Amino acid sequence: MSTAFSEKLRLVLKVLSLSGARLAGELNVDKSVVSRWLSGAVQPSAHNLSLLTALVSARTEGFSTLDWERDLKGLAARLGADPGAVGGGAPPTPAGLPLAILSQAVSTTALRGAAYEGLFRCTRVDPAGAGDFLSEQALVRRDERGLLRLSFGGGGLTAEGWVIPMHSQLYVIATDVRSGIMLFGVFNGPASARADVFDGLVLAPTVDIGRTPTAMPMYCERIADLSGDAQADERRFADLAAGDPRTPAAAVSERLRKHLLRDIGPAQHVLGGDFLLTMPIVRSLARGPGGGAPLEER
């Protein structure tokens, strides 16, 4: 079987109008298994390949295991698609996130990604608010490639990207497609099967004329689990993100204000502040179930 099996499987799903989740359901395998096939992290076992072939055969008469050995153009023709619409040449780069550690990211997400799926309210200082805050929304859910997809925003603005669990931390990359602004984050995650809170630092340009690079702490608290209906979850996220994210300081608990507002620099370090803006694990509020009351209640 060719090492390009993942590309062939993506072609089959496209031609047959199947999603990865639908394929997983029909084969009675976990969605993460199909995601790893699609990412190229692993190839199906002989048993699963037989099941997959039977599924395709039910939709394309006479399809057999040998058809997987065809090149992409030959496979497209076998499926009744236009071979000319299939590109050739160099092996394809994984769409959207061409990281050198992509396979590792898929593997770690398969192990720990479920802990971070859900809807979260993310609070940070408003860079333009003179001490006020922003309460934005985040929707985190696994996609058909096995990665954690992120929708993030407030006030009608939305960034799309990924959350990558690696070691005890989360790495975030997101882009507002309308403005081109990118957001990067490194968060502490709890050592539990479910994350109710994670916190860390984000780096993004402000909306001033110079697009000033700005780093700040962020606190993300779960407000809902996924419902199992992806479209319903997306609608709920969109409704929440359409609201005004600006939050007066008086509406944020004193402990959360202190957690997010830091005195930093050499002079402040002498007075007990931080020399650099950090979020050490000893000060992190990341927690899972039973890890204490929400910060606003303490």
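The points below walk through a predicted model of a single chain, from its overall build to particular residues.

1. Overall build. The chain has 298 residues, of which 43% count as buried, and its secondary structure consists of nine helices and nine strands. Taken along the principal axes, the C-alpha atoms fill a box of roughly 75 × 45 × 35 Å. If one looks at contacts between residues at least 6 apart in sequence, 53% of them join residues at least 24 apart.

2. Confidence. Because the model is predicted, a new reader may wish to begin with its confidence scores. The average pLDDT of the chain is 85, and 90% of the residues score at least 70. Over residues 88–95, however, pLDDT stays under 50, and for this stretch the model has six contacts beyond four places in sequence.

3. Just after α3 comes Gly40, whose phi is positive, at about 90°.

4. Lys8 in helix α1. Lys8 belongs to helix α1, made up of residues 5–16. Is Lys8 buried or exposed? Its relative accessible area is 3%, and Lys8 is therefore buried, since the cut-off for that label is under 20%. Lys8 and Leu72 are 64 residues apart in sequence, yet their C-alpha atoms are 6.3 Å apart in space.

5. Tyr116 between α6 and β1. Tyr116 sits in the loop that runs from α6 (102–112) to β1 (118–125), and with a relative accessible area of 2% this residue is buried. Which residues does Tyr116 touch, if those up to four places away in sequence are not counted? They are Val140, Leu148, Leu170, Gly189, Pro190, Ala195, Phe198 and Arg222.

6. The cavity. How many cavities of 30 Å³ or more does a search of the whole structure find? The search finds one, and the volume of the largest cavity is about 100 Å³. Its lining is made up of 13 residues, and the closest to the centre are Leu150, Phe152, Val172, Phe187 and Phe198. Strands β2 (133–142), β3 (148–154), β6 (182–188), β7 (197–205) and β8 (213–224) are the elements that give two or more residues to this lining. By residue class, the lining divides into 13 nonpolar, no polar and no charged residues. Phe198, one of the residues closest to the centre of the cavity, is also among those that Tyr116 touches.

7. Thr214 in strand β8. Thr214 lies in strand β8, and its relative accessible area of 18% falls under the 20% cut-off, so the residue counts as buried. A polar atom of the Thr214 side chain lies 3.1 Å from the backbone oxygen of Thr212. Leaving aside neighbours within four places in sequence, Thr214 is in contact with Val202, Leu203, Ala204 and Thr206.

8. Asp274 after α9. Asp274 is placed in the segment that follows α9 (266–270), where its relative accessibility of 13% makes it count as buried. Not counting residues up to four places away in sequence, Asp274 touches Arg262, Asp263, Ile264, Gly265, His269 and Arg283.

9. Positive phi outside glycine. Ser17, in the loop between α1 and α2, has a phi near 55°, a positive value in a residue other than glycine, and with a relative accessible area of 64% Ser17 is exposed. His167, which is found in the loop between β4 (157–166) and β5 (169–175), is not a glycine either, but has a positive phi of about 60°. At 65% relative accessibility, His167 counts as exposed, because the cut-off for that label is over 50%.

Methods. Residues are numbered from 1 along each chain as its sequence is written. This is a predicted model: local features need pLDDT of at least 70, side-chain atom pairs count only at pLDDT 80 or more; totals for chains, interfaces and linings use all residues. Side-chain values use heavy atoms; hydrogens and water are left out. Helices (H or I, at least four residues) and strands (E, at least two) are DSSP runs, numbered from the N terminus. Buried means under 20% relative accessible area, exposed over 50%, partly exposed in between (1.4 Å probe, protein chains only). Contact means heavy atoms within 4.5 Å. On a 1 Å grid over the protein atoms alone, a cavity is a set of points where a 1.4 Å probe fits but cannot get out, and a pocket is an open set with protein on both sides within 12 Å along at least five of seven lines; lining residues have an atom within 4 Å of a point. Grid points are joined across faces, edges and corners, and a volume is the space filled by probe spheres set on the points. Ala, Val, Leu, Ile, Met, Phe, Trp, Tyr, Cys and Pro count as nonpolar, Asp, Glu, Lys and Arg as charged, and the others, Gly among them, as polar. pLDDT is the predictor's confidence in each residue, from 0 to 100. A polar contact is a pair of N or O atoms within 3.5 Å; within protein, one must be able to donate a hydrogen and the other to accept it, and residues adjacent in sequence count only if both atoms are side-chain atoms.
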